Amino acid sequence: MSVFLDAAWGKSTPHAPVWLMRQAGRYLPEYRHLKERYGFWEMVRTPELAVEVTLQPVRRFPLDAAILFSDIMTPLPPMGVDIEFAPGPVLARPVRTGSDVDALRVPAAGELVPFVAEAVRLLRAASPVPVIGFAGAPLTLATYLVQGGGSKDHAEFRAWLRQDPVSADALLDKLTEVTIRYLRDQIDAGAQAVQLFDSWAGVHDAAGYGRFGLPHARRVLEALGDRVPRIYLAVGASHLYGPIASLPAEVVSVDWRRPLHECRAELPGMALQGNLDPGLLLTTPELAVAGAHEVLRAGLGGPHIFNLGHGVLPGTNPDTVARLVDAVHEFPRTEGDQGS
Ligand SMILES: Cc1c2[nH]c(c1CCC(=O)O)Cc1[nH]c(c(CCC(=O)O)c1C)Cc1[nH]c(c(CCC(=O)O)c1C)Cc1[nH]c(c(C)c1CCC(=O)O)C2
């Protein structure tokens with residue numbers, strides 16, 4: 001068995017398993033080297049390249065899980081949306097009107113992104129550790145589709161939801177269906193856990209999240225069943241832990257803004273993933289390790305998967321990541337500490 005899967009299923013483990021969001025990417029010289037030859041979409045759409053990039057951090061560090069190299073935007077071009085990366089996603093034509101929503105296609109499961117299923121199959125054969133599949137949650141995907149790209153707090157998107165709730169519901173319904181198909185494809189191909197990234201859930205108040213986010217995240221997670229552990233991530237969303245605690249997910253991934261023992265009290269019965277501030281990885285290995293020890297101590301008292309509170313930043317030194325991963329593995333979790 002694997003410490004990662006054990007912790008994700010809520011079992012106690014001798015040490016916290018560790019993987020890092022954005023563990024593959026620009027902070028690794030071997031990624032930048034490949035990126036000189038291939039575009040981002042090209043790497044995502046070529047299974048052999050996606051597998052290679054996925055395994056780069058796994059070869060370098062003794063990580064406990066591999067997350068498929070892809071993007072939350074991957075299932076959107078087959079819906080008819082034109083997306084480029086600069087380096088964040090930019091849409092040539094944002095979705096704004098009812099007829100923009102009507103024009104979006106909902107491709108059948110096998111036709112959606114066959115290259116992703118193929119990458120997962122190859123990865124399962126090649127990876128020494130469990131493979132995590134992932135998708136964007138409908139509300140977060142809609143944020144990019146309507147806003148057209150990144151933004152500080154997506155005020156235009158929040159306005160659009162309130163001004164045109166009929167189109168919003170239609171858009172979220174289509175995205176929910178596509179997300180279910182996309183994740184099922186990955187599980188069928190061998191993904192051993194899935195993470196639903198609701199990265200922008202936190203910009204909404206409880207009413208907005210309850211109306212436009214929660215029901216769709218619930219439908220996606222419910223449709224998957226408990227074949228593999230389901231991880232739900234929301235950033236800047238501790239005001240939403242009440243509703244999030246009601247989701248059918250085995251694990252919640254929390255950001256760095258609050259200590260894990262406080263989060264645990266508000267997310268009863270769920271394993272926690274997180275939550276070192278990714279900014280600490282830009283300091284010294286000593287400060288990063290001290291921060292990790294604090295996180296690990298706060299994580300005792302229940303199942304814990306060590307991760308960052310959000311993705312690895314491009315300026316991170318890989319040597320600091322190496323020290324961090326070792327420090328997590330060396331930190332013992334004794335039986336009585338784990339609450340289960
Ligand atoms: C919001 C979001 C996106 N993509 C993703 C999210 C959810 C996670 C989060 O909240 O950050 C998810 C994602 N994107 C990527 C992965 C790969 C797996 C991994 O975590 O290692 C994963 C899980 C690769 C990527 N996705 C992207 C890159 C950088 C592309 C490059 O310049 O090489 C990578 C490695 C591009 C991308 N894609 C997206 C953004 C905002 C950006 C640019 C900003 C950045 O680089 O951090 C959308």
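Me: Where is P87 found?
Reply: This is a predicted model, so keep that in mind. P87 is in the loop between strand 2 (83-85) and strand 3 (89-91).

Me: What is the peptide bond from A86 to P87, cis or trans?
Reply: Cis. Omega is near -15° for the bond from A86 to P87. P87 also turns up at the ligand: P87 is one of the residues that come nearest.

Me: Which other residues come nearest to the ligand?
Reply: A24, G25, F197 and S199, along with P87. The ligand has 22 residues around it.

Me: How do the residues of that shell divide, nonpolar, polar and charged?
Reply: The shell has 12 nonpolar residues, six polar and four charged.

Me: And which domains does the shell draw on?
Reply: Domain 1 (1-23 + 274-340) and domain 2 (31-60 + 68-253). Each gives the shell at least three residues.

Me: What separates the centres of the two domains?
Reply: 24 Å, taken over C-alpha atoms.

Me: How many residues are in contact between domain 1 and domain 2?
Reply: 12 residues of domain 1 are in contact with 11 of domain 2. On the domain 1 side, helix 1 (3-8) and strand 9 (304-308) each supply at least two residues.

Me: How many bridges between strand 7 and strand 8?
Reply: Three. Strand 7 (residues 251-253) pairs with strand 8 (residues 271-276) in the parallel sense. V252 stands opposite L272 of strand 8.

Me: Where is N275 found?
Reply: In strand 8. A cis peptide bond joins N275 to G274, with omega about -10°.

Me: Now the helix pair. At what angle do helix 8 and helix 9 pack?
Reply: About 100°, with the axes 9 Å apart. Helix 8 is residues 138-147 and helix 9 is residues 155-163. At that angle, helix 8 and helix 9 are therefore roughly perpendicular to each other.

Me: Which residues make the contact?
Reply: T143, V146 and Q147 come from helix 8. E156, F157 and W160 come from helix 9. The contact divides into three nonpolar residues, two polar and one charged.

Me: Last one. What is phi of R22, positive or negative?
Reply: Positive, near 60°, and R22 is a residue other than glycine. R22 is found in the loop between helix 1 and helix 2 (29-37).

How values were computed. Residues are numbered from 1 along each chain as its sequence is written. This is a predicted model: local features need pLDDT of at least 70, side-chain atom pairs count only at pLDDT 80 or more; totals for chains, interfaces and linings use all residues. A residue is near a molecule or strand if its C-beta atom, placed from the backbone, lies within 6 Å of it. Ala, Val, Leu, Ile, Met, Phe, Trp, Tyr, Cys and Pro count as nonpolar, Asp, Glu, Lys and Arg as charged, and the others, Gly among them, as polar. Domain bounds come from an automatic or database domain assignment. Two residues are in contact if their C-beta atoms, placed from the backbone, lie within 7 Å. Helices (H or I, at least four residues) and strands (E, at least two) are DSSP runs, numbered from the N terminus. Two strands pair if DSSP finds at least two bridges between them. Axes are lines fitted to C-alpha atoms, for helices over the stretch in contact, and angles run from 0 to 180 degrees between N-to-C directions. Angles under 35 degrees count as roughly parallel, over 145 as roughly antiparallel, 65 to 115 as roughly perpendicular and the rest as oblique.
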